[in-house]
Amino acid sequence: MGKFKYIFVFGFLPLVMTGCATCPTDPAEAELYHQTNDPLEPMNRGIFAFNQMAEGAILRPIAKGYRFIMPELVRNSIANFFDNLKQPVYFANALLQGEFKSAGAILGRFTLNTIWGVGGLFDIATEANIPNPENDFGQTLAKWGWRGDGGPYLMLPILGPSDVRDGIGRGVDALAEPATWLVEPEVWYTGWAVNNINAYANNIDLLENLEKSSADYYAALRTMYRQNRAKKINSVIDSTETTEEKAPAYEADFSDIDWEDE
Amino acid sequence: MKKLTALICAMMLSVSVMAAQNPAISFVDDLADDIISNVLTAEVTPEQKLETFRAAFTKAVDLKSVGQFVLGVYWRKANDADKQEFLDAFTEFTTKTWADRFDMYHGQDILFTGVRNAERNQYYVDSQIQDKEPVEVIWRLRQKGDSYKIIDIIVEGVSMAMSYRNEYSAVLQQNGGNVKALAEELRKKSAAFDNQNKK
């Protein structure tokens, strides 16, 4: 249960710290301030430095060795297996969000992969073009009325980028996962570690590219996380709603550009 | 299963028809084909690959306008020499970054799902890269005469232009708006890609 402690400590603390006591007046700083909403940046950067260190010293060497030993087919099957275990929680969230089409897809996917995909080892649902919507509790909170960007940005120890809404969401999703209650803690921790090493090994090239292609890796991850979450959050919020109520749209506004041909 | 196969076939057919009809889709489709056949699957040295990629990438992407957008309010504050230095460094850096990203390509299909008019002479070309799960990629194009230039690539909701702008704003805010220092940082970072290719 140890890791959830952090989610709640870091998840609820900033709730009392929202608002805009010291909004910058400079337009560049104001734009950045509102897009990133990261009042806890010094603490977040500290946690990020710790995560980076742990990643470089422990996770990366293990994942590299692991990738060398494990054939791609096995790694994919392990990823499929853990992904399949999360489907009951996604299903519950889809119902809570009133996303019945997604709920149907998730139920179909889970049934198909559990029975014909040998306990989830083979993702035949994706091959059959059944979507994988991954409805999470962060989205549910947004659907229930917690609109906007999800509160201050949070860098969670070990778990990585999040914000207040998604931090709570992740905690609830993890607690709701049947595996959390059904298996022995040792098994759970082992599974958690295997899942993470496996996922890291499968994405190591992309992560290395991201780090190399950033002048400020922390800031790069922060904006990518915000933009990707905005897309996921908005996907469950009705299209009839006004744009102010949705998560901020990160569409580039090119209206100030001096085009060469104009 | 038969029905599903038929549906997929029908979809692919309509996509290729659409590609043939819409010039914006053709532009992206041709670019992808060009890079796949002349860079990724071509049997030439890594140096030649990078040069071919550079030619295609800098021709297709309006890096001058993207660079201006990326600097945001700092663009107007910078002098012409610093602007040029930033644009050069940014061009070199994005070329190497994206060459490295395209290098991860391993034969996935790109499915074009539609095109939308963004504003006046701008278009969004919607596509899906058929990886293990489909990855949504939107190409934002700007028409220039009878051709197009890419001004943004949006992968799963993450805009390339917005991400660079946001990240570089954070850097510039910390260094007191020193565009020249940012350019130097990008140059240093570009060199890291060279070292990787030699190993």
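Colleague: Which residues of H3(A) meet H12(A)?

Modeller: Contact here means heavy atoms within 4.5 Å of each other. From H3(A) come A:Gln52, A:Arg60, A:Ala63, A:Lys64 and A:Arg67, and they meet A:Ile204, A:Asp205, A:Glu208 and A:Glu211 of H12(A). The model is predicted: local features need pLDDT of at least 70, side-chain atom pairs need 80 or more, and totals for chains, interfaces and linings use all residues. Residues are numbered from 1 along each chain as written, chains are lettered from A and ligands numbered from 1 in written order, and side-chain values use heavy atoms, without hydrogens and water.

Colleague: At what angle do the axes of H3 and H12 of chain A cross?

Modeller: An axis is a line fitted to C-alpha atoms, for helices over the stretch in contact; angles run from 0 to 180 degrees between N-to-C directions. Helices are DSSP runs of H or I with at least four residues, strands are E runs of at least two, and both are numbered from the N terminus. The axes of H3 (residues 41–69) and H12 (residues 204–212) of chain A cross at roughly 145 degrees and come within 12 Å. Their crossing is left-handed: the near helix is turned anticlockwise from the far one by less than a right angle.

Colleague: What is the volume of the largest cavity?

Modeller: Rolling a probe the size of a water molecule over the atoms shows where empty space is left. On a 1 Å grid over the protein atoms alone, a cavity is a set of points where a 1.4 Å probe fits but cannot get out; lining residues have an atom within 4 Å of a point. Points join across faces, edges and corners, and the volume is the space filled by probe spheres set on them. The largest cavity has about 70 Å³. Its lining includes A:Asp163, A:Arg165 and A:Tyr250. Helix H13 (residues 217–234) of chain A gives the largest share, 5 residues.

Colleague: What is the relative accessible area of B:Asp131?

Modeller: Under 20% is buried, over 50% exposed, in between partly exposed (1.4 Å probe, protein chains only). B:Asp131 has 36%, so B:Asp131 is partly exposed. B:Asp131 lies in the loop between strands E2 (122–130) and E3 (134–144) of chain B. Leaving aside neighbours within four places in sequence, B:Asp131 is in contact with B:His106 and B:Gln108.

Terms used. On a 1 Å grid over the protein atoms alone, a cavity is a set of points where a 1.4 Å probe fits but cannot get out, and a pocket is an open set with protein on both sides within 12 Å along at least five of seven lines; lining residues have an atom within 4 Å of a point.
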